[in-house]
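Please look over the structure shown below before reading on.

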Amino acid sequence: MGEEQTNADLFAAVPLFKGLGPNELKSLSSTSKTVQFKAGDYIVREGEAGLGFYVIASGQATVRKRGKTVAKLHRGDFFGEMALLDNQPRSAAVVAEDSTKCIILLRWNFWALVSNNKKIARALLEEMAKRLRAANEALTN
Ligand code: CMP
């Protein structure tokens with residue numbers, strides 16, 4: 001089994017990619033890569049320029065803003081969309097908590113995916129609304 005096929009299987013298990021057909025999954029697997037991080041690795045750093053969008057294929061990570069944990073992310077969760085959407089630096093660091101495997105799409109492929117798939121755009125917006133709600137709650141508690 002080639003690496004491309006392995007990736008397609010991995011992607012088919014990600015809820016965000018649920019609506020994609022076999023051809024779209026195949027094209028996604030050829031335009032993205034998977035990277036394994038060790039516990040404690042910084043996957044992205046606060047303030048850096050953003051090049052990629054990440055989906056956790058296995059493991060877990062914490063989102064840290066000025067050293068403070070603001071969220072925990074698990075298998076199937078995504079991150080790194082903000083800097084790609086608004087062209088600003090990374091709003092927070094994301095640190096691997098365990099050995100963590102991420103699917104990474106570069107900016108252009110992320111935009112193509114979102115532009116071509118309403119379901120994915122909607123899922124991203126829903127999750128961002130949830131995160132904004134949680135951030136508002138945390139601010140007012
Ligand atoms: P980005 O700013 O590109 O890089 C850091 C990422 O952490 C950010 O995109 C989001 O994906 C994620 N992130 C930032 N703040 C929060 C939060 N409050 N809750 C969950 N995820 C967050």
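Helices (at least four residues) and strands (at least two) are DSSP runs, numbered from the N terminus. With those labels, the lining of the largest pocket can be described by element: strand E4 (60-65), strand E5 (68-74), helix H3 (81-86) and helix H5 (118-140) each supply at least two of its residues. The model is a predicted one, and the points below should be read with that in mind.

**Largest pocket**

- The volume of the largest pocket comes to about 850 Å³, and 27 residues line this pocket, of which Val 63, Val 70, Ala 71, Arg 131 and Ala 135 are the closest to its centre.
- Helix H5 contributes the most to the lining of the largest pocket, giving eight residues.

**Aromatic pairs and cluster**

- Five aromatic pairs are found when the whole structure is searched.
- In the pair formed by Tyr 54 and Phe 79, the ring centres are 4.9 Å apart and the planes meet at 10°, and because planes under 30 degrees apart count as stacked, this pair is stacked.
- Tyr 54 belongs to strand E3 (residues 52-58) and Phe 79 to strand E6 (residues 78-79), so their pairing ties together parts of the chain that are 25 residues apart in sequence.
- Both partners fall under the 20% limit of relative accessible area that defines a buried residue: Tyr 54 is buried at 10% relative accessibility, and Phe 79 is buried at 3%.
- One aromatic cluster is formed by Phe 53, Phe 78, Phe 110 and Trp 111.

**Thr 100 and its surroundings**

- Thr 100 is placed in strand E8 (residues 100-106), and with a relative accessible area of 0% this residue is buried.
- The side chain of Thr 100 reaches the backbone oxygen of Asp 98, at a distance of 2.8 Å.
- Leaving aside residues up to four places away in sequence, Thr 100 touches Val 35, Gln 36, Phe 37, Ile 43, Ile 56, Ser 58, Gly 59 and Gln 60.

Terms used
Residues are numbered from 1 along each chain as its sequence is written. This is a predicted model: local features need pLDDT of at least 70, side-chain atom pairs count only at pLDDT 80 or more; totals for chains, interfaces and linings use all residues. Side-chain values use heavy atoms; hydrogens and water are left out. Rings of Phe, Tyr and Trp (its six-membered ring) pair if their centres lie within 6.5 Å; planes under 30 degrees apart count as stacked, over 60 as edge-to-face and the rest as tilted. Buried means under 20% relative accessible area, exposed over 50%, partly exposed in between (1.4 Å probe, protein chains only). A polar contact is a pair of N or O atoms within 3.5 Å; within protein, one must be able to donate a hydrogen and the other to accept it, and residues adjacent in sequence count only if both atoms are side-chain atoms. Contact means heavy atoms within 4.5 Å. On a 1 Å grid over the protein atoms alone, a cavity is a set of points where a 1.4 Å probe fits but cannot get out, and a pocket is an open set with protein on both sides within 12 Å along at least five of seven lines; lining residues have an atom within 4 Å of a point. Grid points are joined across faces, edges and corners, and a volume is the space filled by probe spheres set on the points.
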